[in-house]
Amino acid sequence: MPAHPLKLVLKPGISKCPTGIAGLDQITEGGLPRGRPTLLCGTAGCGKTILATEFLVRGAAQFDEPGVLMTFEETDKELSQNVASMGFDLPALCARKKLLVDYVRVEPSEIAESGEYDLQGLFVRLESAINAIGAKRVVLDTIESLFAGFANANILRAELRRLFRWLKSKRVTALITAESGDGKLTRHGSEEYVADCVILLDHRIEDQSSIRRLRVVKYRGAMHGTNEYPFLISETGISVLPLSSLKLEHKASTRRIPTGIPRLDAMLGGKGFYRGTCILVSGGAGTGKSSVAAHFVHAACQRGERALYMASEQSANEVIRNMRSIGIALDPWLHRGLLRFYAARPGSFGLEKHLVTIHDLVTAFKPEVVVIDPITNFASVGSYSDVKSMVTRLLEMFKSRLITAMFTSLSPSDASAEKSEIGVSSQMDAWLLLREFESNGERNRGLFILKSRGMAHSNQIREFVLSDHGVRLLDVYLGPSGLLTGSARIAEEGRERAEIAARHQRLESKTLELRQKRAQLEAQIARMRSEFELEERSLLRDARAMELRENQPALDLAKMAHIREAGATSVRGHSRA
Amino acid sequence: MKRTTPHNDNCQQHPGPAVRNLCLFSASETAPSIAAPGSLQSPCEQHLAGKHLLEALALINNPRLAAADRIISLPNWLRRLPPPMKKTIGDSTNTQPLAGALDLLHGKLPE
């Protein structure tokens with residue numbers, strides 16, 4: 001009998017229990033470990049209770065999994081009021097037997113301890129609550145209160161370990177909140193080792209703005225995102241970002257969309273940008289970044305596409321007024337509902353809130369084109385890496401929806417233009433650089449394409465002129481002292497024109513001279529010919545005369561002879577007469 | 001003195017005006033609970049002969065009562081009378097502190 005080959009049995013991973021919380025299920029690739037305890041730790045005010053409550057509420061409402069909420073801190077009434085602002089109606093869920101809130105008050109002052117004890121009372125109460133509604137989910141909030149209520153931490157620690165095992169044996173998906181402190185996940189330790197999954201919430205202040213972070217510290221038997229993810233508490237509960245997948249799986253469109261500036265389209269292989277790509281427009285102050293963006297938006301609306309304009313420096317009205325000065329009328333699009341503005345100061349709230357607002361807007365409005373003007377302003381809210389990760393998430397969001405996005409970026413005048421301030425240029429598909437050239441006492445603008453992935457593009461610098469009819473791109477002149485722009489370009493153009501005219505004149509006078517010379521020559525020839533003719537004629541006359549004279553004597557003699565001969569007679573005759 | 005047996009829910013027997021009304025919540029599964037019931041028997045009998053009521057409740061059968069009295073740890077002694085209510089947890093292998101905590105000795109009759 002042949003030996004059985006060793007069979008590699010691929011068991012399906014552990015079953016997961018979706019939380020229903022936006023983003024969290026993506027990070028954990030499906031939710032919390034089903035039927036196992038998860039520890040949720042964090043400092044005070046970081047959102048533990050809200051996350052835990054949302055886990056139960058969504059479980060009851062979306063996944064038909066009843067839940068038990070055992071709270072040691074807030075009464076059920078307080079809790080209901082606190083989460084009502086997020087649209088969670090705890091009393092209604094309780095009435096439908098989808099939720100059971102058990103408030104356990106632990107009052108250290110009224111309990112005296114004597115000898116050994118255990119938390120069996122808690123187990124009993126929990127079990128009766130689980131059985132009462134057939135709960136699949138359990139939340140204990142928070143175990144720190146237990147530690148505060150009992151003096152013997154050793155007993156409590158042992159009892160908590162027993163509690164985790166017990167919850168596992170009950171096959172409920174449990175979320176136990178714990179307070180972290182002193183650089184440890186939990187104040188009293190050991191809980192994090194017993195839990196199958198540990199999620200850490202963090203609420204920190206950086207540069208006077210608050211940032212909430214969520215991190216999956218451990219997750220037994222499953223893959224999970226290990227980064228810190230920003231999250232926020234909004235009107236609809238917790239939102240964990242990323243809002244899209246962790247993978248790079250964007251579709252790549254081959255459709256092209258014009259930039260709104262014909263000459264720029266020509267520089268981009270004649271067709272403009274690819275749809276669903278991200279474009280960075282960077283430049284110093286006043287180089288015309290917003291104008292390029294306005295053209296882009298204007299062109300999109302002209303095609304009948306929806307555009308979202310996020311202004312972080314100007315209000316919507318200011319943008320409209322300012323763009324009208326270069327002949328771009330944005331207000332008709334606004335009234336027709338094709339254009340929407342989102343104007344907010346970056347400092348008004350944290351990056352995460354902005355990110356979620358943008359996400360909500362994009363989801364609701366479904367724009368084809370998005371402009372963020374400028375992205376660099378967000379650097380005032382978060383650190384370099386925060387902003388970078390925000391941009392990454394934005395790109396992720398836009399690309400996954402095939403939205404063409406244009407980001408303007410203010411580069412400090414002293415820095416190299418090629419250096420992107422927030423380090424996002426590598427993530428961009430196209431990069432237009434607007435530059436200022438200062439010479440002859442004036443500043444002029446130039447535009448060139450630093451990169452444009454996947455298409456042939458011009459390597460030429462174009463002069464960028466803001467006219468009453470929008471942006472115009474002109475060729476630049478290369479003079480002996482470099483690029484010539486503005487009045488230097490105009491002067492150069494004039495000089496060139498004059499030169500051409502002079503050349504023309506020179507040519508004309510040469511032609512004239514030649515003509516005159518020819519005329520002179522011809523006149524001379526004519527005169528000489530006439531002189532010659534005169535001379536010839538006189539010469540001929542003389543010759544004839546000479547010839548005549550030469551023949552005369554002979555003739556005369558003959559005549560004379562003749563005359564004489566005949567004359568005798570005639571003379572005779574005559575004489576006779 | 002009347003003493004109900006542990007895990008008997010029915011503790012409605014009132015032996016006249018009780019000076020002390022004590023209640024013991026316990027569970028059958030865990031060691032401290034099993035050890036608890038006997039621990040107060042002798043101090044009570046010694047100091048409060050006939051003037052106390054000692055109930056013993058199995059929590060598993062009375063989750064609602066436990067919720068009302070906010071019981072989470074076992075064994076849990078409750079002195080309902082006289083007020084204020086006093087709560088002591090622990091198996092009370094050392095009876096003296098327990099009796100002190102529940103103010104049993106205070107009612108000791110002068111010898």
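Analyst: Start with accessibility: a residue is buried under 20% relative accessible area, exposed over 50%, and partly exposed in between (1.4 Å probe, protein chains only). This is a predicted model, where local features need pLDDT of at least 70, side-chain atom pairs count only at pLDDT 80 or more, and totals for chains, interfaces and linings use all residues. Residues are numbered from 1 along each chain as written, chains are lettered from A and ligands numbered from 1 in written order, and side-chain values use heavy atoms, without hydrogens or water.

User: Why is E531(A) called partly exposed?

Analyst: Its relative accessible area is 41%. That value falls between the 20% and 50% cut-offs, so the label is partly exposed. R527(A), at 44%, is partly exposed too.

User: What makes R527(A) and E531(A) a salt bridge?

Analyst: The rule asks for a side-chain nitrogen of Lys or Arg within 4 Å of a carboxyl oxygen of Asp or Glu. Here the closest N and O atoms are 3.5 Å apart, so the pair qualifies. Both residues sit in helix α15 (residues 486–576) of chain A. They are four residues apart, about one helical turn. Helices (H or I, at least four residues) and strands (E, at least two) are DSSP runs, numbered from the N terminus.

User: How many salt bridges does the rule find over all chains?

Analyst: The count is 21. One of them joins E65(A) to R137(A), with closest N and O atoms 2.7 Å apart. E65(A) lies in the loop between α2 (48–62) and β4 (67–71) of chain A, and R137(A) in strand β7 (residues 137–141), so the pair ties together parts 72 residues apart in sequence. Both residues are buried.

User: What makes K168(A) and D196(A) a salt bridge?

Analyst: The N to O distance is 3.1 Å, so it meets the rule. K168(A) belongs to helix α7 (residues 153–169) of chain A, and D196(A) to the loop between α8 (191–194) and β9 (197–206). The pair therefore ties together parts 28 residues apart in sequence. K168(A) is partly exposed at 35%, whereas D196(A) is buried at 2%. R36(A), K168(A), D196(A) and R220(A) are linked in a network of salt bridges.

User: Why does E305(A) count as buried?

Analyst: Its relative accessibility is 8%. That is under 20%, so E305(A) is buried. The residue is found in the loop between α10 (289–302) and β16 (307–311) of chain A.

User: With which side chain does the side chain of E305(A) make a polar contact?

Analyst: With that of R275(A), at 2.8 Å. A polar contact is a pair of N or O atoms within 3.5 Å; within protein, one must be able to donate a hydrogen and the other to accept it, and residues adjacent in sequence count only if both atoms are side-chain atoms.

User: How many residues of chain A and chain B are in contact?

Analyst: 22 residues of chain A are in contact with 24 of chain B; contact means heavy atoms within 4.5 Å. Across this interface the rule finds zero salt bridges.

User: In what sense do β6(A) and β5(B) pair?

Analyst: In the parallel sense, over three bridges. Two strands pair if DSSP finds at least two bridges between them, so they qualify. A112(A) stands opposite T88(B), and E113(A) has I89(B) as bridge partner.
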